[in-house]
Structures are given as C-alpha cells and as structure tokens.
Amino acid sequence: KFKSSDIPFASAEQRDDVLHQPVTANGRTFNVCGVNVGNPVVCVFVDKFEDDWREIGRSLETHEAFPDRANIVFVRVIDDENIEIKIWERGVGETSSSGTCVSGAAALSAYIGYTSKKMAVHTDGGITEFLWRDDGEMIITGRADLAYCGKFNAEVRA
C-alpha cells in the first residue's frame with residue numbers, strides 16, 4: 001500500500017504515494033519514500049551508507065511524520081536486479097535482515113523504476129531473492145539460520 005494514510009505518513013493532504021518527500025532529522029533533510037507491506041517501511045535511497053545511518057534511522061523511526069513509527073531502510077541500488085540495504089527496525093534498532101524491510105525496499109525500488117520486479121536484496125544477514133508478480137503477490141526466498149539456542153525453565157521466577 002502506497003497511500004500516505006496507509007503508511008501512515010503525516011502530510012497536509014492525502015497522497016496516492018509517498019515518494020521523495022523531505023523529512024528533516026538530525027539537522028539534515030532526507031527525501032523519504034514509504035510503503036506499507038504489513039508494517040510501515042520508509043526508505044532513504046543513498047549512493048553510499050553514511051557512518052551515522054543508525055543515528056539517522058533512530059531519529060526517523062520516531063519522527064512526527066510517522067505517527068505509528070516506521071521501519072527505516074537505507075537503500076543502495078546496485079543495478080536493475082540488485083539492491084543493498086541497512087535496516088533500522090522500529091522498536092528494535094539495527095537488524096541484520098527482515099522480510100518486511102526486504103519486501104518494502106524491493107517494492108519501492110521497483111515501483112519508482114530503479115529496478116525490475118525481480119531482484120536480489122543484499123543485507124548484513126545474507127541475500128534474499130524478491131519477486132513482485134504481475135498479480136501483485138510478493139515472494140521472498142532466503143536462508144533461515146539459527147541465531148540462538150537456549151532453554152527456558154518456566155518454574156524459575158524472578
């Protein structure tokens with residue numbers, strides 16, 4: 001969903017899509033693009049990842065322009081079939097990969113015309129294949145690796 005009310009993106013008027021809208025955070029203005037793929041995803045397209053992308057992500061996540069907060073994704077387009085992303089996930093912080101953020105970044109890249117509807121999305125957690133079919137269905141395919149293993153003892157109470 002691309003409408004400003006679906007993301008939601010606070011604007012003076014209802015917008016059919018949120019593309020390259022200026023939002024100021026950390027004393028700088030960023031042109032943001034937004035989509036809702038089950039969760040709000042806001043992308044900042046960049047030529048390179050800035051050293052302070054985490055600080056910017058933290059500021060944009062809670063910016064008044066996003067009343068429900070948003071996942072902030074920095075997107076570097078490599079070519080027509082590859083993008084690289086850095087993810088600041090709302091309520092979590094830096095995240096190595098996220099299906100929602102991969103889908104949002106890929107969908108916006110294709111919607112804007114930066115890429116095709118089939119691409120590889122490169123994250124710190126690995127590569128996810130993305131396909132936005134002609135019927136509107138989005139398919140992501142990637143690895144799922146064990147990140148942590150432990151035991152929970154329900155009898156122990158704090």
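Helices here are DSSP runs of H or I with at least four residues, strands are runs of E with at least two, and both are numbered from the N terminus. Keep that in mind for the whole talk.

A word on the source. This is a predicted model, where local features need pLDDT of at least 70, side-chain atom pairs count only at pLDDT 80 or more, and totals for chains, interfaces and linings use all residues. Residues are numbered from 1 along each chain as its sequence is written, and side-chain values use heavy atoms, with hydrogens and water left out.

Start with the overall picture. The protein chain has two helices and nine strands. Along the sequence they run β-β-β-α-β-β-β-α-β-β-β. The C-alpha atoms fill a box of roughly 55 × 35 × 30 Å along the principal axes.

Next, the radius of gyration. We take it over C-alpha atoms, and the globule rule is 2.2 Å times the number of residues to the power 0.38. For 158 residues, a compact globule would come out near 15 Å; the protein chain has 16 Å, which agrees.

Now, what is inside? Buried means under 20% relative accessible area, exposed means over 50%, and partly exposed is in between, with a 1.4 Å probe and protein chains only. Buried residues make up 40% of the 158.

Contacts next. A contact means heavy atoms within 4.5 Å. Take the contacts between residues at least 6 apart in sequence: 53% of them join residues at least 24 apart.

Let's visit some residues. Ser103 sits in helix α2, residues 99-112. Is Ser103 buried or exposed? Its relative accessibility is 11%, so Ser103 counts as buried. Beyond its neighbours within four places in sequence, Ser103 contacts Val37, Phe130, Met138 and Ile140.

On to Trp132, in strand β8, residues 126-132. Trp132 is buried too, because its relative accessibility is 14%. Ala107 is 25 residues away along the chain, yet the C-alpha atoms of Trp132 and Ala107 are separated by 7.2 Å. Setting aside neighbours within four places, the contacts of Trp132 include Phe2, Ala107, Tyr111 and Met138.

Then Asn39. This residue is in the loop between β2 (28-36) and β3 (40-45). Asn39 is partly exposed, at 28% relative accessible area. Not counting residues up to four places away, Asn39 touches Asn71, Arg90 and Thr100. Asn39 and Pro8 are 31 residues apart in sequence, and 9.9 Å apart from C-alpha to C-alpha.

Pro8 itself lies in the segment before β1 (18-25). What kind of peptide bond joins Ile7 and Pro8? A cis one, with omega about -15 degrees.

His20, in strand β1, has a positive phi of about 55 degrees and is not a glycine. Arg69 also is not a glycine, and has a positive phi of about 60 degrees. Arg69 lies in the loop between α1 (53-61) and β4 (71-79). Why mention these? Most residues other than glycine have a negative phi, and most peptide bonds are trans.

Last, cysteines. A disulfide is a pair of cysteine sulfur atoms within 2.5 Å. How many does a search of the whole structure find? Zero disulfides. The sulfur of Cys43 has its closest cysteine sulfur in Cys33, 7.1 Å away, which is too far for a bond. Cys43 is buried, at 0% relative accessible area, whereas Cys149 is exposed, at 62%.

That's the tour.
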